[in-house]
Amino acid sequence: MNIIDIHAHLSSYPEGDANALLRIMDNYGVSKACISNVEGGYYPTPDAIRYDNDTVAKAIAEHPDRFMGAVYINPANPDTMDVLRRGFEEQGMSLVKVWVAVPDDDRLMDPVMEYTESIGVPVLFHTLLKVQRVIPTESTGINIKRLAKRHPRSKIIMAHFGGTPYDGLPAIRDCENVWCDYALSIFTGDAMNYAREMLGADRLLYGSDMAGVSVPVCIGKVLGADFTDEERELVFHKNAERLLDRSFRL
């Protein structure tokens, strides 16, 4: 079984360093992982962004066959475009990671989307509906829908199924340029079946949010759902391979 984890994190904690991630991957058959470091926090400064991305660049340089890097950005920082160019032109990154510095559909995202579309890389957005809105700039599926409609040729990944598939997935169902991962999800296999009905297996991506989650549980969500073997292959690696291929354009 070949698995590409589209959503994983490097960190300074012992369980989140590169070697720890590799042990987890080896234990559960994860061949590659797309990693970002978001220790700079919700609203990271330019210095924090540089540090986070440098740690990721080091890991992918040391383990190019196992890790792919995601450039972490704060679109509100004035050097964001320089960060992106450095990430892709010098550091060998494969995608972009956006957390909660601005809402996903903020106009500050427009130059980011235009640039990533021009070079054929996807942008992964943290999207998480919560009962209580703790982070004012945290987004839901509605934000992703607005952004996707504004940039229909951009390759967008909505993380966490938007927090709950029953809210996030209907919002982006008709956005053919949006794929979804289910990282950090607490829902059951029935939700995976619902996701397939809403989007089709070809828009679903395996993502775990490791190292802070149970990887076998994440794998089991796909194995326990009513998917065909071909659909499981799509979710586990084929969709990610296609999406990360820069020659694949919308």
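Visitor: In strand S3, which residue is the bridge partner of Cys 34?

Guide: The model before you is predicted. Strand S2 covers residues 30-36, and strand S3 covers residues 67-73. These two strands pair in the parallel sense over 3 bridges. In S3, the bridge partner of Cys 34 is Met 68.

Visitor: Which residue of S2 is the bridge partner of Ala 8?

Guide: Strand S1 takes in residues 3-9 and pairs with S2 in the parallel sense, over 5 bridges. Within that pairing, Ala 8 has its bridge partner in S2, namely Ile 35.

Visitor: What is the handedness of the β-α-β unit that S1, helix H1 and S2 make?

Guide: S1 and S2 are parallel partners. Helix H1, residues 18-28, belongs with these two strands to a β-α-β unit. The handedness of that unit is right-handed.

Visitor: How many residues of strand S2 are buried?

Guide: A residue counts as buried when its relative accessible area is under 20%. Strand S2 has 7 residues and is mostly covered. The number of buried residues in S2 is 5.

Visitor: Which element gives the largest share of the lining of the largest cavity?

Guide: The largest cavity has a volume of about 50 Å³. The elements that give two or more residues to its lining are S1, S2 and strand S4 (95-98). Among the lining residues are Ile 6, His 7, Ala 8 and His 9, as well as Cys 34, Ile 35 and Ser 36. The largest share, 4 residues, comes from S1.

Visitor: How many charged residues are in the lining of the largest cavity?

Guide: By class, this lining has 7 nonpolar and 3 polar residues. Lys 97 is one of the residues that line the cavity, and Lys belongs to the charged class. The count of charged residues is 1.

Visitor: Which helices each supply at least two residues of the lining of the second largest cavity?

Guide: The second largest cavity has a volume of about 40 Å³. Its lining includes Pro 46, Ile 49, Thr 80 and Val 83. The helices that each supply at least two lining residues are H2 (46-62) and H3 (80-89).

Visitor: How much space lies in the largest pocket?

Guide: The pocket is lined by 14 residues, of which His 9, Ser 11, Asp 209, Ala 211 and Gly 212 lie nearest its centre. The lining divides into 6 nonpolar, 5 polar and 3 charged residues. The space in the pocket is about 250 Å³.

Visitor: Is Val 98 buried or exposed?

Guide: Val 98 is found in strand S4. Leaving aside neighbours within four places in sequence, its contacts include Ile 73, Met 109, Leu 124 and Phe 125. The relative accessible area of Val 98 is 1%. Because buried means under 20%, Val 98 is buried.

Visitor: What distance separates the C-alpha atoms of Val 98 and Val 71?

Guide: Along the chain, Val 98 and Val 71 are 27 residues apart.

Visitor: What is the relative accessibility of Ser 154?

Guide: Ser 154 is found in the loop between helix H5 (141-150) and strand S6 (156-158). Not counting residues up to four places away in sequence, Ser 154 touches Met 113, Glu 117, Asn 177 and Leu 250. Ser 154 counts as buried, for its relative accessibility is 0%.

Definitions and conventions. Residues are numbered from 1 along each chain as its sequence is written. This is a predicted model: local features need pLDDT of at least 70, side-chain atom pairs count only at pLDDT 80 or more; totals for chains, interfaces and linings use all residues. Side-chain values use heavy atoms; hydrogens and water are left out. Buried means under 20% relative accessible area, exposed over 50%, partly exposed in between (1.4 Å probe, protein chains only). Contact means heavy atoms within 4.5 Å. Two strands pair if DSSP finds at least two bridges between them. A crossover is right-handed if, with the strands pointing away from the viewer, the path from the first strand over the helix to the second runs clockwise. On a 1 Å grid over the protein atoms alone, a cavity is a set of points where a 1.4 Å probe fits but cannot get out, and a pocket is an open set with protein on both sides within 12 Å along at least five of seven lines; lining residues have an atom within 4 Å of a point. Grid points are joined across faces, edges and corners, and a volume is the space filled by probe spheres set on the points.
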